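Please find below a colleague's note on the model shown here.

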Amino acid sequence: MTAPTTSGPPQSPLARLPFFYGWVVVAVAFVTMGIGVNTRTAFSLLYPPILDEFGWERGVTAAAFSIGFMSSILISPFTGRLVDRFGPRYTIPAATLIVAAGMALAPFVTQPWHLYLTLGAMVVGASVMLSYIGHSLFLPLWFIRKRGLAVGIAFSGVGVGSVLLFPWLQTLIDSVGWREACWTLAILMVATLVPLNFLLQRHQPSDLGLEPDGDARPAADGSGPQPVDNIVDREWAAVDWTVKRAMRTGRFWWLVFGFATGLYTWYAIQVHQTRYLVENGFTAEMAAFALGLVGLTGIVGQIGLGALSDRIGREWAWTLSGLGYVGCCGLLLVIKIEPSPLLMYLMVAAQGALGYGLASVFGAIPAEIFQGRHYGSIFGVIGGASIAGGAIGPWLTGALFDWTGTYITAFWVAMGMSAFSILCVWMASPRKVRLVAGQAAKRARAAA
């Protein structure tokens, strides 16, 4: 790596590693997501024993997850501003302590509102900073040419973590109980994520005197490596986007609706699939294995579709992911008729290898439309608004089951939401503002 010239900020000793520091940021995010997101997702495994112990209605119990997401709606806009001001080095450890406290207090619940406060507001709500949304506030800033690939690799930590954590967690639940499982997760989070992020995580390349993709800063006389010109709409790209300016555009609202409906399907399936599989003839261990396997195949979706999006565009990656969730819901409907392991594995593949690809472009799409000084604040508002879909999904799915006695209607609704999400992202059209690396290179070759 060529050392930055003296025209930029002084280089941090951290930047003198034999590889550029963006990949250190990716590695820390990989571990954080692997533990942090799966601590939140563990609600799907805690949900059945809590139902069995307290006998609450499914909609009432699942509402804890939805209330947590509603809390995230209030938190996200402020999270974006906090990251812009303090960086993830401080915001991620702070969020980790809140989530861990929620897990530690959850075993003492006796009423639904206790569950809403602990596993809901504290765990699901505060975990927004540890999740896809929280990391999308700064990870895209470290890369341009390999943005989709880098984010996909970081987010694939969720899949690796799920394969390692969920079978182990289910064993803990079966052997010593769900309360002890909560305490164990709380200790794991504090012991790993707090020191790791405080010591190594950074906000943006300029903090270390670097450029995106590990490039050296151009010399003061303009010589040296120059950034790739990927701008299509120069008038749009020249705007100093703020939250207020962004909210006056159609693209902002297409992203809000597109992300909200995408998250609706994601979390509706994630929260209810374990119970659904058990009720359709699968063992609790097999259902837990399926949840973990979704995360494992999600590695393929996140890295593969992230890298593909760098070549063919973010809209196409989002489309393939959305179609994956349509197929997942369709297979869940068929499983009720024919609960075979083959159909379960096909459902897992559609959900993970395709559906989870949404995450790899979740931050890249707004970054390419509203890139600038206030990107974190803008994405915080978009993320907070779109979390409403993730909040409504588990609750409405459970409520539709309570009303109809079946998940059939709920899964058809989820399929429709996913299809509408695809339409919204095409309407937002990030390709009409900035091209991805593959398209920019193709344009450059054509011009030459």
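**Note on salt bridges and core packing**

1. A network of salt bridges links R147, D310, R314 and E368. A salt bridge here is a side-chain nitrogen of Lys or Arg within 4 Å of a carboxyl oxygen of Asp or Glu. The structure holds five salt bridges. The model is predicted, so that local features need pLDDT of at least 70 and side-chain atom pairs count only at pLDDT 80 or more, while totals for chains, interfaces and linings use all residues. Residues are numbered from 1 along each chain as its sequence is written, and side-chain values use heavy atoms, with hydrogens and water left out.

2. Helices are DSSP runs (H or I, at least four residues), numbered from the N terminus. R314 is buried, with a relative accessible area of 1%, and E368 is buried at 3%. Buried means under 20% relative accessible area, exposed over 50%, and partly exposed in between (1.4 Å probe, protein chains only).

3. E315 forms a salt bridge with R431, the closest N and O atoms being 3.0 Å apart. E315 lies in helix α14, whereas R431 lies in the loop between α19 (408-428) and α20 (437-447), so the pair ties together parts that are 116 residues apart in sequence. E315 is buried, with a relative accessible area of 2%; R431 counts as partly exposed at 27%.

4. A further salt bridge joins R275 to E279, with 3.6 Å between the closest N and O atoms. Both residues lie in helix α12, four residues apart, about one turn of the helix. R275 is buried at 17% relative accessible area, whereas E279 is partly exposed at 36%.

5. The largest nonpolar core has 125 residues, of which Y132 and F370 touch the most other members. Helix α12 (residues 250-279) gives the most to this core, with 13 residues. A nonpolar core is a set of buried Ala, Val, Leu, Ile, Met, Phe, Trp, Tyr and Cys residues joined through side-chain atoms within 4.5 Å.

6. Which residues is Y132 in contact with, leaving aside its neighbours within four places in sequence? They are M33, V37, R40, F155, V158, W266, Y267, Q302, Y356 and A359. Contact means heavy atoms within 4.5 Å.

How values were computed:
Helices (H or I, at least four residues) and strands (E, at least two) are DSSP runs, numbered from the N terminus.
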